[in-house]
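Biologist: Could we go through this model together? I would like to begin with one of the helices.

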Amino acid sequence: MRILLLGPPGGGKGTQSKFLMEKFNIPQISTGDMLREHVQNKTELGIKAKEFMDNGELVTDSLILKMMDVRFKQHDCNNGFILDGFPRTIVQAEGLEELFSKTNQKLDHVIVINVNDDDIVERMSGRRVHPQSGRTYHIIYNPPKHENLDDETNEPLIIRDDDREETVRNRLTVYHNQTKPLIEFYSNNVINIDGSKKIQTVKHNILNELK
Ligand code: AP5
């Protein structure tokens, strides 16, 4: 099962990926989480990526494609995966096709989670994340069991650097200009989901489509 989750920043890709991981027992591959780990570890890639990320811009296609080439070779990808945040440009989508053609793979489902921009800005202001695992919460819509602590580890939650309103607005512009054209690119294979519904309803609707 190879699933691509497409949608605006804060549309719920990370939230829904966790459900799909559990259901299908396949890993979530989040380029955002991978990049944040590089930034935290101050790797060469992390140092190059940080400025783009802090400004809500995309990291260059060539860096992302190199990172993904390495990731796809790991054993946990053998039975499939959920792509969250990659590809994000037409160049990346073409690069993915090239990587897949070497191993005879293809995407089984492309799920587009649709949410309007104003709802996104409101959501992002309440997002809290557990940086070590990528688990995501919302102070109102999906609160942790104990205030500001991760449910599984009890470690503190943080606010992401790029969740400031100004940066979120820029990320949305970047999404509309550079990532939305992918919906057309994958038009033969797209499942549209209304991401403005409650988290559990979105989950139910996605699973229904994948039956
Ligand atoms: P990345 O980490 O991928 O960020 P993103 O795509 O902007 O998506 P988010 O993680 O912000 O949101 P999400 O859709 O996962 O929503 P979530 O489930 O958390 O990328 C960050 C940066 O890295 C980019 O800006 C770029 O610089 C770089 N980058 C990454 N990949 C790249 C690539 N391929 N190429 C180039 N650069 C790349 O939900 C959001 C909030 O809403 C949470 O609080 C959640 O609890 C809540 N929520 C979720 N669903 C609902 C619901 N149905 N109702 C109410 N609240 C909800």
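Biologist: Which residues of helix 4 are buried?
Modeller: In this predicted model, the buried residues of helix 4 are Leu63, Ile64, Leu65, Met67, Met68, Arg71 and Phe72. Buried means under 20% relative accessible area, exposed over 50%, and partly exposed in between, with a 1.4 Å probe and protein chains only.

Biologist: What do they pack against?
Modeller: These buried residues pack against strand 2 (28-30), helix 2 (31-40), helix 3 (44-54), strand 3 (81-84) and helix 5 (90-103). Contact means heavy atoms within 4.5 Å. Helices (H or I, at least four residues) and strands (E, at least two) are DSSP runs, numbered from the N terminus.

Biologist: Now the sheet: in what order do the strands lie?
Modeller: Five strands form an open sheet in the order 2-3-1-4-7, with parallel pairing. Strand 2 and strand 7 (190-194) are the edge strands, each pairing on one side only. Two strands pair if DSSP finds at least two bridges between them.

Biologist: How many bridges join strand 1 and strand 3?
Modeller: Strand 1 (residues 2-6) and strand 3 pair over four bridges, in the parallel sense. Leucine 4 has leucine 83 in strand 3 as its bridge partner.

Biologist: And isoleucine 111, why does it count as buried?
Modeller: Isoleucine 111 counts as buried because its relative accessibility is 1%. Isoleucine 111 lies in strand 4 (residues 109-114) and touches residues including Leu4, Ile191 and Leu210.

Biologist: What should I remember about the numbers?
Modeller: Residues are numbered from 1 along each chain as its sequence is written, and side-chain values use heavy atoms, leaving out hydrogens and water. Local features need pLDDT of at least 70 and side-chain atom pairs count only at pLDDT 80 or more, while totals for chains, interfaces and linings use all residues.

Terms used: Lists of a residue's contacts leave out its neighbours within four places in sequence.
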